[in-house]
Amino acid sequence: AGDVVAAALAVYEAHGLGANARRTMGHGIGLETVEQPYLRAGSEAVLEAGMVLCVEPGAYLPDRGGASVEEEILVTADGYEVLTANIPRRLWE
């Protein structure tokens, strides 16, 4: 899990948003809405096939606002499947 967060943070850094990126980028979904594994910097949790994750990276700029995009992901044996790929997006204000 920590490696996934590190990869996302590297993308934020490359685009000048590293200091504004959230360090917690999601969590597991199962019997509870929010449960382990937690996707946060330095996590040693191992992602396994069959896990369902809420992946919600975000960046927030002081005095300007921010954004977080949420997707539900199924971890598969050879990668992942985006479960929410066909759901329309909406802007919350």
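Which residues make up the largest nonpolar core?

**Figure 1. The largest nonpolar core of the predicted model.** Ten residues form this core: Ala 1, Val 5, Leu 9, Tyr 12, Ala 21, Met 25, Leu 39, Leu 53, Ala 59 and Val 75. A nonpolar core is a set of buried Ala, Val, Leu, Ile, Met, Phe, Trp, Tyr and Cys residues joined through side-chain atoms within 4.5 Å; buried means under 20% relative accessible area, exposed over 50% and partly exposed in between (1.4 Å probe, protein chains only). Helix H1 (residues 2-14) gives the largest share, three residues. Helices (H or I, at least four residues) and strands (E, at least two) are DSSP runs numbered from the N terminus. Beyond its neighbours within four places in sequence, Met 25 has contacts (heavy atoms within 4.5 Å) that include Val 5, Leu 9, Tyr 12, Leu 39 and Pro 57. In this predicted model, local features need pLDDT of at least 70 and side-chain atom pairs count only at pLDDT 80 or more, whereas totals for chains, interfaces and linings use all residues. Residues are numbered from 1 along each chain as its sequence is written, and side-chain values use heavy atoms, with hydrogens and water left out.

**Figure 2. The salt bridge between Glu 71 and Arg 89.** The whole structure holds one salt bridge, defined as a side-chain nitrogen of Lys or Arg within 4 Å of a carboxyl oxygen of Asp or Glu. The N to O distance is 2.5 Å. Glu 71 belongs to strand E6 (residues 71-76) and Arg 89 to the segment after strand E7 (79-82), so the bridge ties together parts 18 residues apart in sequence. Glu 71 is buried at 17% relative accessibility, while Arg 89 is partly exposed at 48%.

**Figure 3. Backbone geometry at Pro 37 and Asp 63.** The peptide bond joining Gln 36 and Pro 37 is cis, with omega about 5°. Pro 37 is in strand E2 (residues 35-40). Asp 63, not a glycine, has a positive phi of about 65°. Asp 63 sits in the loop between strand E4 (58-61) and strand E5 (65-68) and is exposed, at 87% relative accessible area.

**Figure 4. The lining of the second largest pocket.** The lining residues, which have an atom within 4 Å of a pocket grid point, are Val 4, Leu 39, Leu 47, Leu 53, Val 55, Ile 73, Val 75, Gly 79 and Tyr 80. Strand E3 (52-55), E6 and E7 each give two or more of them. A pocket is an open set of points on a 1 Å grid over the protein atoms alone, where a 1.4 Å probe fits, with protein on both sides within 12 Å along at least five of seven lines.
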